[in-house]
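Visitor: I have a structure open and would like to go through parts of it. Can you take my questions one at a time?

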Amino acid sequence: MPPVTALYPGSFDPPTLGHLDLIERGSRIFPQLIVAVLRNADKNALFTSAERMDMLRGEILHLPQVSVVEFDGLLVDFAERMGARALLRGIRAISDYEYEFQMAWMNRRMAPGLETVFMMPGEDFAYLSSRLVKEVAAGGRPVTGMVSPAIETRLRRKLGLE
Ligand code: PNS
């Protein structure tokens, strides 16, 4: 069996400690882990994909087997181009299952050889999401313990809070 390269796709707007926890966990299992940042995540994305990649790269310096790239179009096509045989996704609460299973089944229909692997983040991050982090930060409250200090600073700056 050749070593498996995995893709960890997402919007990462911004990356939370939950995302970073998943990257750490994934990097202990896969010899090569590629964090794939969706370029046009959402018309209302707060950060550009270049900024999101930059923030992620700043957090993975201690993980040489992890790289960060951006992608556009269908994830299965990008996975094929990268030679990835696994997709890593984090599952938090039960409410994630519906959406995640829909995506995993659809991706499997399109690319039967590409396996979706679900991992649970640490329990501190079970209810954490980029969307809520943005709302809390925009409301002027600290998001310490939800994103890294460097990302909290960038978030506050982006929101015009400092
Ligand atoms: O962090 P997110 O927003 O939950 O990540 C969603 C993502 C990027 C994994 C998903 O939207 C995606 O794969 N988009 C690329 C387009 C695609 O392949 N769509 C079909 C999915 S079945």
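Visitor: Where is Pro 14?

Guide: Pro 14 sits in the loop between strand S1 (5-10) and helix H1 (17-27). Helices (H or I, at least four residues) and strands (E, at least two) are DSSP runs, numbered from the N terminus. This is a predicted model, in which local features need pLDDT of at least 70, side-chain atom pairs count only at pLDDT 80 or more, and totals for chains, interfaces and linings use all residues. Residues are numbered from 1 along each chain as its sequence is written, and side-chain values use heavy atoms, with hydrogens and water left out.

Visitor: Is the peptide bond from Asp 13 to Pro 14 cis or trans?

Guide: The bond from Asp 13 to Pro 14 is cis, with omega near 0 degrees.

Visitor: What about the phi of Phe 12?

Guide: Phe 12 is not a glycine, yet its phi is positive, about 50 degrees. Phe 12 is also found in the loop between S1 and H1.

Visitor: On to the ligand. Which residues surround it?

Guide: Among them are Gly 10, Ser 11, Leu 38, Phe 71, Leu 75, Arg 89 and Tyr 99; a residue counts if one of its heavy atoms lies within 4 Å of the ligand.

Visitor: What is 2.6 Å from an oxygen atom of the ligand?

Guide: An N or O atom in the side chain of Ser 11. A polar backbone atom of Leu 75 is 2.8 Å from an oxygen atom of the ligand, and a polar side-chain atom of Arg 89 lies 3.0 Å from a ligand oxygen atom.

Visitor: Switching to helices: at what angle do H2 and H6 pack?

Guide: Helix H2 (residues 49-59) and helix H6 (residues 149-158) pack at about 155 degrees, with axes 10 Å apart. Axes are lines fitted to C-alpha atoms, for helices over the stretch in contact, and angles run from 0 to 180 degrees between N-to-C directions. H2 and H6 are therefore roughly antiparallel, the term for angles over 145 degrees.

Visitor: Which residues meet there?

Guide: Glu 51, Asp 54, Met 55 and Glu 59 in H2 meet Ala 150, Ile 151, Arg 154 and Lys 158 in H6, where contact means heavy atoms within 4.5 Å.

Note on methods
Parallel < 35°, antiparallel > 145°, perpendicular 65-115°, else oblique. Polar contact = N/O pair within 3.5 Å; in protein donor to acceptor, adjacent residues only side chain to side chain.
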